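Biologist: I am new to this structure. Please take me through a close look at a single part, with the whole as background.

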Amino acid sequence: MIVQLKASVRKEQVSQLISWFRGMGVDVHVSEGSLQTILGLIGDTSRLDIDMIKALDIVENVQRIQEPYKNANRKFHPDDTVIEVGNAKIGGGNFLCIAGPCSVETEEQICDVANAVAKAGAGMLRGGAFKPRTSPYSFQGLGAEGIRLLVEAKKASGLPIVTEIMDLSQLKYFDEVDVIQVGARNMQNFELLKEMGHVDKPILLKRGLSSTLEELLMSAEYIMAGGNERVILCERGIRTFETYTRNTLDVSAIPVLKSRTHLPVILDPSHGTGIAKFVKPMSLAAAAAGADGLIIEVHNDPAHALCDGPQSLTPEAFLDLKKDVDRIVSVVHGGAEA
Ligand code: PEP
Ligand code: MN
């Protein structure tokens, strides 16, 4: 249930009302927006008398929320959520390009790529250390050593870093990681999601290979219900009957998600297409569709990459992409850019 308060409401009246709701056994999420304050009520609201609440003189309107996700719901929080990571910002008109290799391979590789993408205007560095691979015989990532090298690249380039966690036992290596990625395969690992709710870092949550957008939002809800409201959603392609691309990139997920949630939404055209030459057109499409950012695989030597070389851009191709994406972003967001 959401309770919209009148613009004239005083702070002590809001606190009194919140205490009363809490006394009735429901949790209250407060959203102080640019125009008005909204109280989102979570829990068993069946005991609340909607007509009585509507009649209070500080209340503008009361609405029941049908959707199963509450904290992530735009009705709870009409303004876009803006997430700040170091000097980078995402959401609310701030467009963020995250770039870097699929996997961290060597110190030279990750530092070279980090410096190149920083120069090209990326706002965050990606790099996998714990890799979810389809085959147990494929390169599994450097693990904790990969995170150590990523931290070196962060120092060298000044970029904040994002890397994937696959299991809770790995969390001890994430102290200097700025954003934790929960990958497509773990989107419904509910125990992991619950723990991410208690972490004091933003979470980049990728859509599962065959998950609906509502399931993605419910996974974000798991994290938010634990108290971590800094969730970035990522569309990365889903399984369909199509074989000419690695996945089918659902660009429509961007405006649909943004209509349903206040959380930032980004697109991963690298895993979405699996083919380097399709990464730029899909990036332009994402920017035009109103995405809050992109996550793009960039490698200094794609032909010899240990993972996902065919979909990786060279630093030069990334620079070219970034220039054109910036032009679209300035049309869509009126010039605001991270
Ligand atoms: C990745 O970003 O490296 C990755 C493995 O992505 P996904 O979880 O979308 O497959
Ligand atoms: Mn990859």
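Predicted model: local features only at pLDDT ≥ 70, side-chain atom pairs only at ≥ 80, totals over all residues.

What share of the 338 residues in the protein is buried?

Modeller: Start with the whole. Buried residues make up 54% of the 338 residues. The protein has ten helices and 14 strands. Its C-alpha atoms fill a box of roughly 70 × 45 × 45 Å along the principal axes. The radius of gyration is 21 Å. A compact globule with 338 residues would have a value near 20 Å, so the two agree.

The protein exposes about 14500 Å². Carbon and sulfur atoms supply 51% of that area. As for charge, there are 35 positive and 43 negative side chains. The centres of the two sets lie 2 Å apart.

Now zoom in on S103. This residue is found in a loop. The loop runs between strand β7, residues 96-100, and helix α3, residues 107-120. Is S103 buried or exposed? S103 has a relative accessible area of 1%. Buried means under 20%, so S103 counts as buried.

What does S103 touch? Leave out residues up to four places away in sequence. Then S103 touches Q109, G128, K131, F139 and C307. One of these, Q109, falls in the range given for α3, residues 107-120. That is the picture of S103: a buried residue in the loop between β7 and α3, in contact with Q109, G128, K131, F139 and C307.

Definitions and conventions:
Residues numbered from 1 in each chain as written. Chains lettered and ligands numbered in written order. Heavy atoms only, no water. Helix = DSSP H or I, 4+ residues; strand = E, 2+ residues; numbered from the N terminus. Rg over C-alpha atoms; globule rule 2.2 N^0.38 Å. Buried < 20%, exposed > 50% of the residue type's maximum accessible area, 1.4 Å probe, protein only. Areas by Shrake-Rupley, 256 points an atom, 1.4 Å probe, with all protein chains shown as cover. Lys, Arg positive; Asp, Glu negative; His and termini not counted. Charge placed at Lys NZ, Arg CZ, Asp CG, Glu CD. Contact = heavy atoms within 4.5 Å.
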